[in-house]
Amino acid sequence: MLPPDRQPVIIAARRTPVCRTNGALRSLRAHELLAPVLRELLAGTGVEPGRVTDVVIGNAVGGGGNVARLALLEAGLPVSVPGITVDRQCGSGLDAVVLASRLVAAGGNPLYLAGGVESTSTAPLRAYRNDDGGPDFYARAQFVPAGFGDPDMGVAAENVAREFGVSRERQDAFALRSHRLALAARDAGVFDGELVTLDTEAGTAADDGPRRGLNAAVLARFPAAFVDGGTVTAGNSCFDADAASAVVITSLQRARNLGAVDGLLVLSSGTAGVDPELLGVGAAAAARDVLSAAGVSADQVDLVEFNEAFASQTLACLDQVGIDAERANLDGGALALGHAYGASGAVLVTRLLAQARRSETPGSLALAMISSAGGMGTAALLEYQRL
């Protein structure tokens, strides 16, 4: 572990509900989703807004500019606080937390608000400029040169299923598990302590993805969604969503001075690249590197949160790292709750802090994993401790 003035620790984490695109959060732009989360974090930890060193936020499909700066000012932080927005597509929220942790490790006892946000409902239309100056609209950006292959996410999920032998039956069973766990957690109030209440035109927002009527027979009726005769369906894939999530991350020394009683120490983190044709398995490569650097085996990890963009890539990654799928995402994941791109990686960390606090086991290890477009993945190894 690093010296107390350089050891990064996450002492608070909050998120909005995760809601389907064009659902309950459709009227809120990205900065309007994020601002309440930042306010709640400051109020909950007693941090004076002017003492925040920087705000580091991930975002993937927003309007550009600097959503971190826009949101922090919307939240009421003073103009003296800067902001930086990072983009590693789906990994952006976790990468923002990782970046902040490395800045803490550089020294100076700083304090950061870090996380991610995505409003897929209000994301701007995108277009290249034609030779005549007119717009040529496109659905997504290019992630790698054409010679490398640049498959859409669903096609890549099929590539992964085929390459690593993940059957349709296994994918469907894992998707059903995700919905059942998420429903059980929501019904038991497990998410309540991490949620920021948002009142919208449609009323008070809540996680709206988990489907109570879903069963194996229903899932079996879904046709292949991306490749004829394939195994990846709408039922074992995530849906696009709106959400924001962020954490307070600072040095262990400053956390103690603030009176924080517990938190997640950041032990190791990293990002890896893989073949873009198999872009969904980037998280596995990153996780293996992170665990190796920390001298930790997969079976020593107590809590695992993986972003379930597709059941095929989730299962393939967990298999490669050596983690039993039944040990991951104990309250469900994105297959049930939805994938809010730039926010999803920060949601993983928020979930891990909540789970660690419920377990009340000092020294327990937690692993966050997410794959990104273009053939990348990010992972972070965390340790729960009383401070």
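Which loop does glutamine 89 lie in? Glutamine 89 sits in the loop that runs between strand S4 (83-86) and H3. Keep in mind that this is a predicted model.

## Glutamine 89

Is glutamine 89 buried or exposed? Its relative accessibility is 17%, so glutamine 89 counts as buried, the cut-off being under 20%. Setting aside neighbours within four places in sequence, glutamine 89 is in contact with Ala60, Phe143, Tyr341, Gly342 and Ala373. One of those partners, Tyr341, turns up again among the residues nearest the centre of the largest pocket.

## Aspartate 207

Now for another loop residue. Aspartate 207 is found between strand S9 (203-204) and helix H6 (216-221). At 4% relative accessibility, aspartate 207 counts as buried, because buried means under 20%.

What does the side chain of aspartate 207 pair up with in a polar contact of 3.0 Å? The partner is the side chain of arginine 15. A polar atom of the aspartate 207 side chain also lies 2.8 Å from the backbone nitrogen of valine 18. Leaving out neighbours within four places in sequence, the contacts of aspartate 207 are Arg15, Pro17, Val18, Arg186, Phe191, Leu195 and Leu337.

The largest cavity holds about 160 Å³ of space. H11 has the largest share, with 4 residues. By class, the lining of the largest cavity splits into 9 nonpolar, 5 polar and 3 charged residues.

The second largest cavity has a volume of about 40 Å³. Leu94, Val97, Val98, Ser101, Val266, Ser269, Val349, Ala380 and Leu382 line it. Here the elements giving two or more residues are helix H3 (92-105), strand S11 (262-273) and strand S14 (376-386). H3 takes the largest share, at 4 residues. This lining has 7 nonpolar and 2 polar residues, with no charged ones.

On to the pockets. The largest pocket has about 920 Å³ of space, and 40 residues line it. Nearest its centre are Ala139, Arg140, Met153, Asp240 and Tyr341. Helix H4 (153-164) and strand S13 (365-372) each supply at least two lining residues, and H4 gives the most, with 6. The lining of the largest pocket comprises 24 nonpolar, 12 polar and 4 charged residues.

The second largest pocket comes in at about 330 Å³. It is lined by 20 residues, with Asn59, Gly62, Gly63, Gly64 and Val67 nearest its centre. Helix H1 (30-45), helix H2 (67-74) and strand S5 (111-119) are the elements that give two or more residues to this lining. By class, the lining of the second largest pocket has 6 nonpolar, 10 polar and 4 charged residues.

## The annotated C-terminal span

Which residues does the UniProt annotation "domain: Thiolase C-terminal" cover? According to that unreviewed entry, the annotation covers residues 268-383. In the model, the end C-alpha atoms of residues 268-383 lie 10 Å apart. The span is 38% helix and 22% strand.

Terms used. Residues numbered from 1 in each chain as written. Predicted model: local features only at pLDDT ≥ 70, side-chain atom pairs only at ≥ 80, totals over all residues. Heavy atoms only, no water. 1 Å grid on protein atoms, 1.4 Å probe; cavity = no way out; pocket = protein on both sides within 12 Å on 5 of 7 lines; lining within 4 Å. Points joined across faces, edges and corners; volume = space filled by probe spheres on them. Nonpolar A, V, L, I, M, F, W, Y, C, P; charged D, E, K, R; others polar. Buried < 20%, exposed > 50% of the residue type's maximum accessible area, 1.4 Å probe, protein only. Contact = heavy atoms within 4.5 Å. UniProt positions renumbered as here; feature names shortened; annotations may be inferred. Polar contact = N/O pair within 3.5 Å; in protein donor to acceptor, adjacent residues only side chain to side chain.
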